[in-house]
Amino acid sequence: MDLEFSAAETEFRRRARAWLAAHVPPRPLPSLETEEGFAAHRAWEGELAADRWSVVSWPEEYGGRGAGIVEWLVFEEEYHAAGAPGRVSQNGISLLAPTLFDFGTPEQRARVLPPMARGEVVWAQAWSEPEAGSDLASLRSTARRVSGGWLLNGQKTWSSRAAFADRAFGLFRSDPDADRPHRGLTYLMFPLDAAGVTVRPIGRIDGKPAFAELFLDDVFVPDEDVIGEPGQGWRIAMATTGAERGLTLRSPGRFLATADRLVRAWHAHADPSDTALRDRVADAVIGARAYQLFAWANASRFEAGEPIGAESSLNKVFWSEYDIGVHETALDLLGVEGELGGAEGAVAGQPWPDGQGQATRPVPLSPTSPTDWTEGYVFALAGPIYAGTNEIQRDIIAERLLGLPKGRR
Amino acid sequence: MRFLLDDEQRAFARSLDGMLTAADTTAAARAWAAGEHAAGFAVRRRLGAAGVFALAAPEAYEGVGPLPVETAVAFVELGRHAAPGPLVETVAAVALLSRLAELGVPEPAKRSLPGLVGGETSATLTLTGSGPYALDADVAAVLLAAGDAEVRLAPGHADVRTSLDPARRLARLLPGGEVVASGDTADTAAGWALDWAALATAAQCLGVGYALLDRTVAYVKGRTQFGVPVGSFQAVKHRLADVLVGLEFARPLVFGAAVSLRDGDRSAARVDLAAAKVASGEAAYGAARAALQLHGALGYTAEYDLSLWLLKARALRGAWGGVGRWRERVVTGG
């Protein structure tokens, strides 16, 4: 049992750190949840890709470096420690790409992955529907067989950044006569600017258009954009959502960097006699370290050939609650400045207008600026809800890891 | 990078589990609480024979160590079986005495280590900053008081007091006795002993937590109300899922701390040990609260074995200084 990196891994870390030091924008980009910020983050993806840092774990032929899981974790540590921008292509990279590697055709991989790696095509997910959230298998949007492809109809919702993204992927009911709800679903990809697609941005809690509704009216999708066999969509999607909850969605590097920032803020701003706050800062440090070591243990298991299954639900519950906790502590530490942070970008009396806001976030004053914490807090609040609610995750943990009987949800 | 127990370490855990099961360790814990120590001593001798107390001592001083990872493996099993007695304390004393020997004070080690390492005798100790009480001082052959630039062999102990956990009894050590080390030597050895005490206790908490979880999962699968197992209710499942999350994220901290301690990075080890102590203490305590609630009134009875772990989880949370002390260490490194 050891925590030592090989010479190759250490060299990989050194190269990643050097590249990031030379390329990470000196000032944070505008919020990812705005049109201007989205464009800036898309450009950043291109810069990463130009030197093969956007998808290090992918094979070289698709723009990656063929990095193993340990190297990926190393890269993520360096990425977040460097304060590099959020990843606008994350849904494509962490959800669609693993699906294509496992279930796609060589033609699909060659066509879809390189532009994804370069940020030229940014992907949104289209899972949830107004009547199908946690009970995803009850979804009603349809894919009807036509010559050469499928016609999509229905409504999807909570599609992250779909207002700005280029294409989307999701599940559609292709066989309404299937004997069980999760049978007869097909996994498809479609352009968000296709004829028949209407995208309506939804303002998230602070008004920024972070997600959208999609209305689909006879949207034609050619056969080449079906992933796997028609009717097998549920099985394929579940393989993907496992990846989303697991390591790939929230790397330990992100939380190590956040905890480090919190400790610096505590040293800079906190009253040392406030031991209650100190204890919470300690818990943030402990949680980040626990998450890092849990990831190393899973990476070691993965490399030893052991399967990682329902354990990804442990991960999802942990990081999503950790993320809220660490931001709550930061905002409590900052006091009223924490409240002001989010308002800096908006002019008083002109709040973010109904999901269409164009106001941009100003440059933070310091690495511990309230602005960053406020934005991070609002983002974190969604964590226990998306990627499978934490209630669903706890059901999975209880049934698959503890062996408790199934019951009514 | 291979942050996994190897086959040998897993086999060690299995063999200890088998031995502690065969020795009916929970019965020994009940007897210990009633003041009957023979069964507990027998468990200790078996642990000595299995090499558990040799893990903290280097080869030059009767040991096979220092092997913190294996020590953590052992103490997870000891927690799982609610093993009674000053076991953490004996390991910490072995660490302290062998460290003193390495620092040029070999006499106390020569005198005491053979008995301690072999499991024939046990030790207990107090460490400055970790509270004034020594565990089970009435059964320990070696009473050490360490800290404040001094290590001394206490001449005896004051009245033994009952603990919240009936299997733990606490006593102050008497002043006086032979001072065996002083100055930096004493402080270094005391700091080393505290590291081992924290590691062993954190691992023991993990084992206590898993025992509580396993027993509660088994219970809610079998207990039927409203015509179905209570374990099929979401309120029950989610509570147990949270217990597993707590334990599964505390475990890598415990083994990460053991690796840091082994690899000799003192400042990293101090922070990692503190993190492990806090997280595993909290996880075990959370397991205890959930276990009691989900067992209902049955869990609240002394007769039912669950009480052995329920109260130990509470007691261990405060052992070696309160949780605030360890959290402070995490943020200040001190």
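User: How should I read the order of strands in the open sheet of chain B?

Analyst: Two strands pair if DSSP finds at least two bridges between them, and helices (H or I, at least four residues) and strands (E, at least two) are DSSP runs numbered from the N terminus. In chain B, three strands make up an open sheet with the order β2-β6-β5 and antiparallel pairing. At the edges stand β2 (133–135) and β5 (161–162) of chain B, each of which pairs on one side only. Three bridges link β2(B) to strand β6 (residues 169–172) of chain B in the antiparallel sense, and Y133(B) lies opposite R172(B) in β6(B).

User: Before we proceed, what kind of model is this, and how are its parts labelled?

Analyst: This is a predicted model, in which local features need pLDDT of at least 70 and side-chain atom pairs count only at pLDDT 80 or more, while totals for chains, interfaces and linings use all residues. Residues are numbered from 1 along each chain as its sequence is written, and chains are lettered from A and ligands numbered from 1 in the order in which they are written.

User: Which strands of chain A pair with β7(A)?

Analyst: In a regular strand the side chains alternate between the two faces of the sheet. Strand β3 (residues 149–160) of chain A pairs with strand β7 (residues 211–222) of chain A in the antiparallel sense, over nine bridges. Strand β6 (residues 197–202) of chain A also runs antiparallel to β7(A), joined to it by six bridges. F211(A) in β7(A) stands opposite S160(A) and is also the bridge partner of I202(A).

User: What does UniProt place at residues 124–219 of chain A?

Analyst: UniProt positions are given in the numbering used here, with feature names shortened, and annotations may be inferred rather than shown by experiment. For this stretch, the unreviewed UniProt entry gives "domain: Acyl-CoA oxidase/dehydrogenase middle". Residues 124–219 of chain A are 0% helix and 51% strand, with end C-alpha atoms 16 Å apart. In chain B, the annotation "domain: Acyl-CoA dehydrogenase/oxidase N-terminal", again from an unreviewed UniProt entry, covers residues 7–120. Over residues 7–120 of chain B the chain is 68% helix and 0% strand, and the end C-alpha atoms lie 29 Å apart.

User: How is chain B divided into domains?

Analyst: Domain bounds come from an automatic or database domain assignment. Chain B has domain 1 (7–187) and domain 2 (193–332), and their C-alpha centres are 21 Å apart. The contact (C-beta atoms, placed from the backbone, within 7 Å) takes 32 residues from domain 1 of chain B and 30 residues from domain 2 of chain B. On the domain 1 side, α2, α4 (68–80), α5 (87–102) and β1 (123–127) of chain B each supply at least two residues. The largest share of that side, 10 residues, comes from α4(B).

User: What does chain B present to chain A?

Analyst: The size of an interface is often given as the accessible area lost when the parts come together. Here residue counts are used: 39 residues of chain B are in contact with 40 residues of chain A. On the side of chain B that touches chain A, α8(B) gives the largest share, 15 residues. By class, that side has 25 nonpolar, seven polar and seven charged residues. The classes are nonpolar (Ala, Val, Leu, Ile, Met, Phe, Trp, Tyr, Cys and Pro), charged (Asp, Glu, Lys and Arg) and polar (the others, Gly among them).

User: Against what do the buried residues of α10(B) pack?

Analyst: An α-helix has 3.6 residues a turn, so residues three or four places apart point the same way. The buried residues of helix α10 (residues 306–318) of chain B include L306(B), W309(B) and A313(B). The buried residues of α10(B) pack against α2 (25–33), α7 and α9 of chain B.

Technical notes: Contact = placed C-beta atoms within 7 Å. Buried ≥ 20, exposed ≤ 12 C-beta atoms within 10 Å, placed from the backbone.
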